[in-house]
Amino acid sequence: MPRSRPGALRAGLPRPRLWTRRFPVKIPGLSARTGLAVYRGEVLANDYDLFPGATKDALLRYREFLTPVSRRPRHPQPIVCSCRHCSFDDVTHARDVLDRVLGLLPTRARAELGRRVAPLDAAFLKRTLPDPFADRRSDAWWNRRLPGGPVA
Ligand SMILES: [Zn+2]
């Protein structure tokens with residue numbers, strides 16, 4: 001009997017479900033259940049800035065901005081390239097992404113991720129200065145902190 005080509009064998013199988021196309025990105029410190037909820041939000045959100053791994057990248061970037069711990073104020077830098085990866089150079093974009101993901105999550109997962117974000121928010125508030133010219137009505141609080149100049 002002639003051997004069937006792998007493609008021909010696969011042709012008869014059902015298409016993989018959305019979840020199996022890529023493995024969920026493990027986010028250190030989050031439960032598997034919340035990690036899966038985050039992944040589901042990232043995959044299903046019709047949002048250019050949300051992609052599998054975006055939440056992990058955002059958390060890393062947010063923490064990195066606040067490291068090392070110091071009393072010197074820090075200034076979010078405006079982004080030069082607005083693609084979904086370079087955008088993370090601007091820490092306020094990372095916080096935007098976290099906000100959008102939090103808005104997509106079911107209650108328990110939102111609370112768990114929120115507990116990871118809250119101490120970073122507190123540190124960010126401490127380490128940045130208020131921007132007196134920010135629009136208090138339209139911008140989220142993390143976008144109302146005094147930015148630095150563009151990176152030379
Ligand atoms: Zn870019």
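**The salt bridges, up close**

Reply: Happy to! Searching the whole structure turns up 4 salt bridges, each being a side-chain nitrogen of Lys or Arg within 4 Å of a carboxyl oxygen of Asp or Glu. This is a predicted model, where local features need pLDDT of at least 70 and side-chain atom pairs 80 or more, while totals for chains, interfaces and linings use all residues. Residues are numbered from 1 along each chain as its sequence is written, and side-chain values use heavy atoms, without hydrogens or water.

Let's start with Arg100, which pairs with Asp47, their closest N and O atoms lying 2.9 Å apart. Arg100 belongs to helix 4 (residues 91–104) and Asp47 to the loop between helix 2 (32–44) and helix 3 (54–65), so this bridge ties together parts 53 residues apart in sequence. Helices here are DSSP runs (H or I, at least four residues), numbered from the N terminus.

Arg100 also meets Asp49 in a salt bridge, at 3.4 Å from N to O. Asp49 is in the loop between helix 2 and helix 3, 51 residues from Arg100 in helix 4. Within it, Arg100 is partly exposed at 32% relative accessibility, and Asp47 is partly exposed at 21%, whereas Asp49 is buried at 13% (buried is under 20% relative accessible area, exposed over 50%, partly exposed in between; 1.4 Å probe, protein chains only).

Now for another pair: Asp121 and Arg95 form a salt bridge with their closest N and O atoms 2.7 Å apart. Asp121 is in helix 5 (residues 107–127) and Arg95 in helix 4, 26 residues apart. Both Asp121 and Arg95 are buried.

Terms used. Helix = DSSP H or I, 4+ residues; strand = E, 2+ residues; numbered from the N terminus.
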